[in-house]
Amino acid sequence: MADTAEGAPRRRGRNETEEERADRMWQELIQEVRVAQMGVQILFGFLLTVVFTEKYDDLTDTDQTIYLVTVVLGACATGALIGPVSLHRLVSGRRVKPQAVRLASRLTLLGLVLLLATTTASLLLILRVATHDGFVPYLVAGVVGWYLLCWFVLPLWTRHRHTSK
């Protein structure tokens, strides 16, 4: 962070130092991660139980493969979305909060992408088993489009439209 002519740290945006900004951004990120963690943990917990049901043995090889891929994606999403907590705990007090916030933000974004993949694969599996109809891939594609619009397109459009960066 650059200093002013008087030697005091330069303040930006909200009139906060880099450390104050990192503290604020960390608090915002943790609140966001809590929401995503809840969703991925519920979905992952549900997925873990499927293999122990009688219906699992009746699944086609393709559906069992989709299930296994979905479980692995859910495990990866869980890891990425819990990662910021571990990161914070291991670097707390080391004076690297701005760097930790950037890394935790990237982990969270990766976790959201993996959550999207997990949700997509789950929906595909459920609809294939429930309907056996040819329209399933189109329905899943429509839902993925909706997720992409809500999770990425609108936020990126807002960022582009309303910021100068």
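Predicted model: local features only at pLDDT ≥ 70, side-chain atom pairs only at ≥ 80, totals over all residues.
Rings of Phe, Tyr and Trp, the last taken by its six-membered ring, form a pair if their centres lie within 6.5 Å, and the pair counts as stacked with planes under 30 degrees apart or as edge-to-face with planes over 60.

| Pair | Centre to centre | Angle of planes | Class |
|---|---|---|---|
| Tyr56 and Tyr67 | 5.3 Å | 65° | edge-to-face |
| Tyr147 and Trp151 | 5.0 Å | 15° | stacked |

The pair of Tyr56 and Tyr67 links distant parts of the chain, since Tyr56 lies in helix H2 (residues 54-58) and Tyr67, eleven residues apart from it, in helix H3. Both tyrosines are buried, and both are among the residues that touch the most other members of the largest nonpolar core, which has 19 residues. Helix H1 (18-50), helix H3 (61-91) and helix H4 (97-131) each supply at least two residues of this core, and the largest share, seven residues, comes from H3. Val71, another of the residues touching the most other members, contacts Phe44, Leu47 and Leu48 when residues up to four places away in sequence are not counted. Apart from this core lies another, of nine residues, including Trp26, Val33, Leu87 and Ala100.

Tyr147 and Trp151, by contrast, both lie in helix H5 (residues 136-162), four residues apart, or about one turn of the helix. Tyr147 counts as partly exposed because its relative accessibility is 22%, and Trp151 is likewise partly exposed, with a relative accessible area of 30%. Ring pairs link these two residues and Phe152 into a cluster.

Technical notes. Residues numbered from 1 in each chain as written. Heavy atoms only, no water. Core = buried A, V, L, I, M, F, W, Y, C linked by side-chain atoms within 4.5 Å. Buried < 20%, exposed > 50% of the residue type's maximum accessible area, 1.4 Å probe, protein only. Contact = heavy atoms within 4.5 Å.
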